[in-house]
Amino acid sequence: MIHLSEAAAAQVKEMMKQEEGDSLYLRVGVKGGGCTGLSYGMGFDTEMNDDDEALDAQHGVTIIMDKESAPVLNGVNIDYKQNMMGGGFTIDNPNAIASCGCGSSFKTATNAGTPENC
């Protein structure tokens, strides 16, 4: 469902080392907002909720997401790119039909979200 590159997994594991807790999940989700309507969210969580889906571990990282975000995230590729200006995660979503200029918000054919003024 979601593909996590080796580079992204390595960065996530490095970030996990700085967090407290022995067993952390990478939580990926979608919420309303941004100039195009939907925004991505990524963070760490220690617990799964009843409405969560868990993916098989990729490169040692287990990804969880709520069931509402799952259809929008189906087929997403998460990578980590490093350059002279620093590094950051990139998200390539084949479901997105439009995105904002900065690339942090999007909409799909079936979910326009709740656009906000930028």
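## Salt bridges

A salt bridge is a side-chain nitrogen of Lys or Arg within 4 Å of a carboxyl oxygen of Asp or Glu. The structure holds 4 salt bridges. One of them joins Arg27 to Asp45, with the closest N and O atoms 2.9 Å apart. Arg27 lies in strand 2 and Asp45 in strand 3, so this pair ties together parts that are 18 residues apart in sequence. Helices (H or I, at least four residues) and strands (E, at least two) are DSSP runs, numbered from the N terminus. Arg27 and Asp45 also belong, with Asp52, to a network of salt bridges.

Arg27 counts as buried, at 19% relative accessibility, and Asp45 as partly exposed, at 22%. Here buried means under 20% relative accessible area, exposed means over 50%, and partly exposed is in between (1.4 Å probe, protein chains only). Another salt bridge links Lys17 and Glu14, whose closest N and O atoms are 3.7 Å apart. These two residues are separated by about one helical turn, because they are 3 residues apart in helix 1. Lys17 is exposed at 66% relative accessibility, while Glu14 is partly exposed at 40%. Lys81 and Asp79 also meet through their side chains in a salt bridge, at 3.1 Å from N to O. Lys81 is partly exposed, with a relative accessibility of 47%.

## Basis of the model

The model is predicted: local features need pLDDT of at least 70, side-chain atom pairs count only at pLDDT 80 or more, and totals for chains, interfaces and linings use all residues. Residues are numbered from 1 along each chain as its sequence is written, and side-chain values use heavy atoms, with hydrogens and water left out.

## The nonpolar core

A nonpolar core is a set of buried Ala, Val, Leu, Ile, Met, Phe, Trp, Tyr and Cys residues joined through side-chain atoms within 4.5 Å. The largest one here has 22 residues, and Ile2 and Leu4 have the most contacts inside it. At least two residues each come from strand 1 (2-4), helix 1 (6-18), strand 2 (25-33), strand 5 (63-66), helix 2 (70-73) and strand 6 (76-83). Helix 1 gives the most to this core, with 4 residues.

Which residues does Leu4 touch, not counting residues up to four places away in sequence? They are Ala9, Leu26, Gln58, His59, Val61, Ile63 and Ile78. Contact means heavy atoms within 4.5 Å.

Ser39 is in strand 3 (residues 37-45). This residue is buried, with a relative accessible area of 13%. A polar atom of the Ser39 side chain lies 3.3 Å from the backbone oxygen of Gly33. Beyond neighbours within four places in sequence, Ser39 is in contact with residues including Gly29, Val30, Lys31 and Gly34, and also with Ser104, Ser105 and Phe106.

Thr36 sits in the loop between strand 2 and strand 3. Thr36 is buried too, with a relative accessible area of 12%. A polar atom of its side chain lies 3.0 Å from the backbone nitrogen of Cys100. Outside the four places on either side in sequence, the contacts of Thr36 include Ala98, Ser99, Cys100, Lys107, Ala112 and Pro115. Ser105 and Phe106 are in contact with Thr36 and with Ser39.

Key. Polar contact = N/O pair within 3.5 Å; in protein donor to acceptor, adjacent residues only side chain to side chain.
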